[in-house]
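This report walks through one protein chain part by part. Please look over the sequence and the structure before reading on.

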Amino acid sequence: MINAITIEREFGCGASEIASLVAGRLGWSLWDERLTQEIARLTQSTPEAVERREWRTDPVVFRLFQDFLRGAFEGGLPPTNRLHLLDARRIAAVSETAVKTALSSGPSVIVGRGSQFFLRNRKDVFHVFLYASRDQKISRLISKGETQDKAIELVDTTDKARAAFVRQYLGLQWQEPHLYHAMFNTEMGESCTATMLVECLQLFGRD
């Protein structure tokens, strides 16, 4: 029996909306921004604390971490003012604890934050990767209010930084196909992608 879905995604492909649709259709809990809030609780921080300060210790690591934990709600920051006290391995450990808290809460759709890595050995978790073309992702971000230059920058840098963090601190390949049960091109539309994901999950759960 499948108790959770992890959704990893390319930045800007609409994963947040798709995850919300999937959670609603299944009647499961959605752990997206809620997962960031759990990381904030574990680090005794708030989103406001991040906005008040700049990264000052090991800026390369923290830039990678920012992109790695950026929510599928596109552009959110990990709400913690204590990252300067944590090394990269501790950061990964905090994320793993938050992901496992989500899993233990009941049937859940878990977005990003390394969930596909931390739960990769669980037989009751269905792993999905969402992607789209570069042009589609840029257009989508612009439609959400980003300038063209900013949208291009985000699409061209975020996933590279996320992959670098995963490779360096988790020893894994971010886009490794064998980590996922299914991969969907979201250019078919959010509703269609969500429908196909749910149908695929239901077929998988029968095996």
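Cys192 is partly exposed, with a relative accessible area of 35%. Cys13, in contrast, counts as buried, at 3% relative accessibility. The model, which is predicted, holds zero disulfides.

**Around Thr186**

Cys13 also takes part in a contact with Thr186: its backbone oxygen lies 2.8 Å from a polar atom of the Thr186 side chain. Thr186 sits in the loop between S5 and H9 and is buried, with a relative accessible area of 8%. Which residues does Thr186 contact, leaving aside its neighbours within four places in sequence? They are Cys13, Ile18, Leu130, Tyr131, Ala132 and Thr193.

Thr158 lies in helix H8, and at 0% relative accessibility Thr158 is buried. A polar atom of its side chain is 2.8 Å from the backbone oxygen of Leu154.

In soluble globular proteins, nonpolar side chains tend to be buried together. The largest nonpolar core here has 22 residues, and the members that touch the most others are Ile5, Ile7, Val22, Val109 and Leu130. At least two residues each come from strand S1 (4-9), helix H1 (15-26), strand S3 (108-111), strand S4 (125-131), strand S5 (182-185) and helix H9 (190-206). H1 contributes the most to this core, namely five residues.

Val109 gives a view of the surroundings within this region. Not counting residues up to four places away in sequence, Val109 touches Ile5, Ile7, Ala19, Val22, Ala23, Trp28, Ser29, Leu30 and Trp31.

**Helix H7**

An α-helix has 3.6 residues a turn, so residues three or four places apart point the same way. Which residues of helix H7 (residues 134-143) are buried? They are Lys137, Ile138, Arg140 and Leu141. These residues lie on the same side of H7, because they cover an arc of only 160° around the axis. Asp135 and Ser143 are exposed on the other side of H7. After H7 comes Gly145, with a positive phi near 115°.

**Salt bridges**

Side chains of opposite charge can pair when their charged atoms come close. How many salt bridges does a search of the whole structure find? The search finds 10 salt bridges. Three of them are listed here, with the distance between nitrogen and oxygen.

| Pair | N to O distance |
|---|---|
| Arg9 and Glu8 | 2.6 Å |
| Arg134 and Asp156 | 2.8 Å |
| Glu190 and Arg140 | 3.3 Å |

In the pair of Arg9 and Glu8, both residues are buried.

The side chains of Arg134 and Asp156 also meet in a salt bridge. This pair links distant parts of the chain, with Arg134 in helix H7 and Asp156 in helix H8 (residues 148-170), 22 residues apart. Arg134 is partly exposed, with a relative accessible area of 40%. Asp156 is partly exposed too, with a relative accessible area of 27%.

Glu190 and Arg140 form another salt bridge. Glu190 lies in helix H9 and Arg140 in helix H7, so this pair ties together parts that are 50 residues apart in sequence. Glu190 counts as partly exposed, at 29% relative accessibility, whereas Arg140 is buried, with a relative accessible area of 11%. Through shared partners, salt bridges join Glu17, Arg140, Lys144 and Glu190 into one network.

Phe11 lies in the loop between S1 and H1. Is Phe11 buried or exposed? Phe11 is buried, with a relative accessible area of 2%.

Technical notes:
Residues are numbered from 1 along each chain as its sequence is written. This is a predicted model: local features need pLDDT of at least 70, side-chain atom pairs count only at pLDDT 80 or more; totals for chains, interfaces and linings use all residues. Side-chain values use heavy atoms; hydrogens and water are left out. A nonpolar core is a set of buried Ala, Val, Leu, Ile, Met, Phe, Trp, Tyr and Cys residues joined through side-chain atoms within 4.5 Å. Buried means under 20% relative accessible area, exposed over 50%, partly exposed in between (1.4 Å probe, protein chains only). Helices (H or I, at least four residues) and strands (E, at least two) are DSSP runs, numbered from the N terminus. Contact means heavy atoms within 4.5 Å. The arc is that of the directions from the helix axis to the C-beta atoms. A salt bridge is a side-chain nitrogen of Lys or Arg within 4 Å of a carboxyl oxygen of Asp or Glu. A polar contact is a pair of N or O atoms within 3.5 Å; within protein, one must be able to donate a hydrogen and the other to accept it, and residues adjacent in sequence count only if both atoms are side-chain atoms. A disulfide is a pair of cysteine sulfur atoms within 2.5 Å.
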